[in-house]
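I opened the model to look up rings, charges and the core. My notes follow the order in which I checked things.

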Amino acid sequence: METNDNIWKFGAGHHKVYITNSKAYKKIKVYLGISRDSYYKKNGKVFAWDITCENKKLSKVKKILKEYKHLKTDDDIIS
């Protein structure tokens, strides 16, 4: 689940957000127009992403994260 512990100020007018759900990340990536990924891997598997967003877009990013808050990670998604 995404919490405020996963969101922190990053320079003037920006925030960095740590995301563990791929569906939330993909939706945020489209919203922000991200073309390059910043991710974490373990044993060859991506398990999280970092994004940076402007303060004015943070509330929308938080709303997207809230849509997926019941899912901690992709392992919680039932196909």
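Which residue lies over the face of Phe 10? I find Lys 16 there, 4.5 Å from the ring centre. My test for a charge over a ring is NZ of Lys or CZ of Arg within 6 Å of the ring centre and within 35 degrees of the ring normal. Lys 60 also turns up, over the face of Tyr 31 at 5.9 Å from the ring centre.

**Ground rules.** I am working on a predicted model, where local features need pLDDT of at least 70 and side-chain atom pairs count only at pLDDT 80 or more, while totals for chains, interfaces and linings use all residues. Residues are numbered from 1 along each chain as its sequence is written, and side-chain values use heavy atoms, with hydrogens and water left out.

**Overall layout.** I took helices (H or I, at least four residues) and strands (E, at least two) as DSSP runs, numbered from the N terminus. The protein chain has two helices and four strands, in the order β-β-α-β-β-α from the N terminus. I looked up burial next: buried means under 20% relative accessible area, exposed over 50%, and partly exposed in between (1.4 Å probe, protein chains only). Of the 79 residues in the protein chain, 32% are buried. For contacts I used heavy atoms within 4.5 Å. Taking contacts between residues at least 6 apart in sequence, 64% join residues at least 24 apart.

**Aromatic pairs.** I searched the whole structure and got three aromatic pairs. Rings of Phe, Tyr and Trp (its six-membered ring) pair if their centres lie within 6.5 Å; planes under 30 degrees apart are stacked, over 60 edge-to-face, and the rest tilted. Tyr 25 and Trp 49 are stacked, at 4.9 Å centre to centre with 10° between the planes. This pair links distant parts of the chain, with Tyr 25 in helix α1 (residues 22–32) and Trp 49 in strand β4, 24 residues apart. Tyr 25 counts as buried because its relative accessible area is 3%, and Trp 49 is buried too at 9%. Tyr 40 and Phe 47 make a tilted pair: 6.0 Å centre to centre, 40° between the planes. Ring pairs join Tyr 18, Tyr 40 and Phe 47 into a cluster.

**Phe 47.** I placed Phe 47 in strand β4 (residues 45–54). Is Phe 47 buried or partly exposed? Its relative accessible area is 38%, so I logged Phe 47 as partly exposed; Tyr 40 is partly exposed as well, at 33%. Leaving out residues up to four places away in sequence, Phe 47 touches Tyr 18, Thr 20, Tyr 40, Lys 41 and Lys 42.

**Core.** I defined a nonpolar core as a set of buried Ala, Val, Leu, Ile, Met, Phe, Trp, Tyr and Cys residues joined through side-chain atoms within 4.5 Å. The largest one has 15 residues, and those touching the most other members are Val 17, Ile 19, Ile 28, Ile 51, Val 61 and Leu 65. At least two residues of this core come from each of β2 (14–19), α1, β4 and α2 (55–67). I then picked Ile 28, in helix α1, which is buried at 0% relative accessible area. Beyond four places in sequence, Ile 28 touches Ile 19, Ile 51, Val 61, Ile 64 and Leu 65.
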